[in-house]
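Welcome! Please take a moment to look over the model below, and then we will walk through it together.

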Amino acid sequence: METQKSLIWRTWDWLDGRYRLAELMEAMLHVEIPRTARPYYLGGITLFFFMVQTITGILLVIYYQPTPDAAYDSILYIMYEVNFGWLIRSVHVWGANLMVLFCILHLLRVYFQGAYKAPREITWSVGFFLLAVTLGFGFTGYLLPWDQRAYWATVVGSEVAGAVPVIGEQAIAFMRGGTEITARTLSRFFGAHVLVMPAALVTFLAIHITLFHQQGLADPTVDPDKPAPAKKKLLPFFPNYVLDEVIAWYIMLAVLIILASLFPAGLEEPADALHTPEHAKPEWFFLFLYQFLKLVPRIVGVLGPGVGAAILLLLPFFDRNPHVRPSKRIFAIAIGIITCIAVVALTIWGWLS
Ligand code: HEM
């Protein structure tokens with residue numbers, strides 16, 4: 001044991017002598033965060049799910065075959081022939097849904113605490129792209145099993161892009177690789193899912209993490225009208241914060257395994273372009289949009305989501321109110337609550353209809 005320890009330390013010294021790692025570790029870990037910060041570990045949990053997706057995704061890709069002839073059978077093979085294949089697949093499916101859910105919860109936490117305000121404008125805007133890529137992961141991954149649900153959810157999902165004026169036709173052709181969903185669509189979605197999106201997510205994540213690491217976490221109790229306290233109460237990032245975060249990850253791992261074991265990911269009949277199922281619907285996180293488009297006039301349906309996304313992206317630049325306490329930003333809190341209620345109501349409506 002002693003020899004092993006000294007070997008580890010000798011290796012560390014060897015690396016440190018060449019790359020000044022001690023300085024880097026010091027800069028990374030010796031950060032302090034306000035004791036009053038309330039992140040609820042939601043961003044960290046989203047990161048945890050991304051790591052789970054990366055590991056399970058690599059395991060799945062060993063057996064998955066991205067062609068219409070082989071995709072469905074390769075999923076059956078993973079489920080019934082590969083040891084624990086059903087569990088790896090179920091963890092990947094549940095992990096995808098939970099990653100989207102926690103990314104949204106993290107966004108809501110940041111919004112309702114006003115943690116997007118100066119100096120965190122760019123952290124928020126980069127976060128917006130992280131959400132977009134996370135949704136993109138869900139959208140492209142859904143098609144890969146090539147069963148009826150996957151196929152028809154992609155048909156209706158890509159029709160949304162086709163409704164955009166002027167570029168709609170090109171957008172749908174770019175997405176599908178033609179007018180229909182074919183082998184070309186599957187290979188495009190597969191390429192986006194395993195190459196483009198991971199690269200984009202890792203890039204945005206590196207920026208996001210560097211930014212909040214440099215600025216520390218926002219303090220939701222700050223009041224710009226009152227003088228700042230002479231000495232802020234701070235908590236060490238390492239080990240206190242990191243330890244709490246790891247406990248949250250453990251709990252999430254347990255939740256994930258329980259969900260994946262009790263409710264394993266299913267598979268419908270193989271995709272059939274000639275047989276439209278009765279209720280073709282997109283994934284749950286696009287249902288509100290799908291329902292919204294069914295209810296409003298075409299022009300509103302086409303412009304509304306674009307305007308909504310632009311407002312979300314540039315929110316910190318529109319909202320110039322410096323206060324973060326809810327009592328001093330009633331308007332923003334009210335808009336947030338109304339939007340949440342509308343999105344949940346449209347999602348339930350879309351689900352039931
Ligand atoms: C893959 C998705 C994302 C990951 C992995 C992620 C990760 C994180 C982590 C680990 C933190 C530290 C605090 C915490 O745990 O809550 C954080 C902070 C932050 N995130 Fe994210 N995030 C993601 C998406 C987003 C989105 C969608 C937004 C908003 C549009 C956003 C905006 C912010 C802001 C403004 C902060 C600083 C908050 C503060 O100082 O209290 N993030 N993010």
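Among contacts in the protein between residues at least 6 apart in sequence, what percentage join residues at least 24 apart? The value is 81%. Keep in mind that this is a predicted model.

**The whole protein**

The protein is built with 13 helices and two strands. Its C-alpha trace spans about 70 × 60 × 35 Å along the principal axes. There are 353 residues, and 27% of them count as buried.

**Around the ligand**

Now let us turn to the ligand. The shell around the ligand holds 27 residues, of which Pro39, Gly43, Gly127, Leu131 and Ala218 come nearest. Which of the elements gives the most to the shell? That is H6, with seven residues. Sorted by class, the shell has 18 nonpolar residues, eight polar ones and one charged one.

**Two helices side by side**

Two packed helices are described by the angle between their axes and the distance between the axes. For H3 and H5, the axes come within 8 Å and cross at roughly 155°. Angles over 145 degrees count as roughly antiparallel, and therefore H3 and H5 are roughly antiparallel to each other. The crossing in which H3 passes H5 is left-handed. In the contact of H3 with H5 there are 15 nonpolar, eight polar and two charged residues.

**Some backbone details**

Most residues other than glycine have a negative phi, and most peptide bonds are trans. With that in mind, have a look at these spots in the chain.

| Residues | Feature | Value |
|---|---|---|
| Ala118 and Pro119 | cis peptide bond | omega about 10° |
| Phe238 and Pro239 | cis peptide bond | omega about 10° |
| Arg20 | positive phi, not a glycine | phi about 50° |
| Tyr40 | positive phi, not a glycine | phi about 55° |

Where do these residues sit? Pro119 lies in the loop between H5 and H6, whereas Pro239 is part of helix H10, residues 237-262. Arg20 is found in the loop between helix H1 (2-19) and helix H2 (21-29). Tyr40 belongs to the loop between strand S1 (32-34) and H3.

Is Arg20 buried or exposed? Arg20 counts as exposed because it has 11 C-beta neighbours inside 10 Å, and the cut-off for exposed is 12 or fewer. Tyr40 has 13 C-beta neighbours inside 10 Å, so Tyr40 counts as partly exposed.

Methods:
Residues are numbered from 1 along each chain as its sequence is written. This is a predicted model: local features need pLDDT of at least 70, side-chain atom pairs count only at pLDDT 80 or more; totals for chains, interfaces and linings use all residues. A residue is near a molecule or strand if its C-beta atom, placed from the backbone, lies within 6 Å of it. Helices (H or I, at least four residues) and strands (E, at least two) are DSSP runs, numbered from the N terminus. Ala, Val, Leu, Ile, Met, Phe, Trp, Tyr, Cys and Pro count as nonpolar, Asp, Glu, Lys and Arg as charged, and the others, Gly among them, as polar. Axes are lines fitted to C-alpha atoms, for helices over the stretch in contact, and angles run from 0 to 180 degrees between N-to-C directions. Angles under 35 degrees count as roughly parallel, over 145 as roughly antiparallel, 65 to 115 as roughly perpendicular and the rest as oblique. A crossing is left-handed if the near helix is turned anticlockwise from the far one by less than a right angle, and right-handed if clockwise. A residue is buried if 20 or more other C-beta atoms lie within 10 Å of its own, exposed if 12 or fewer, and partly exposed in between; C-beta atoms are placed from the backbone. Two residues are in contact if their C-beta atoms, placed from the backbone, lie within 7 Å.
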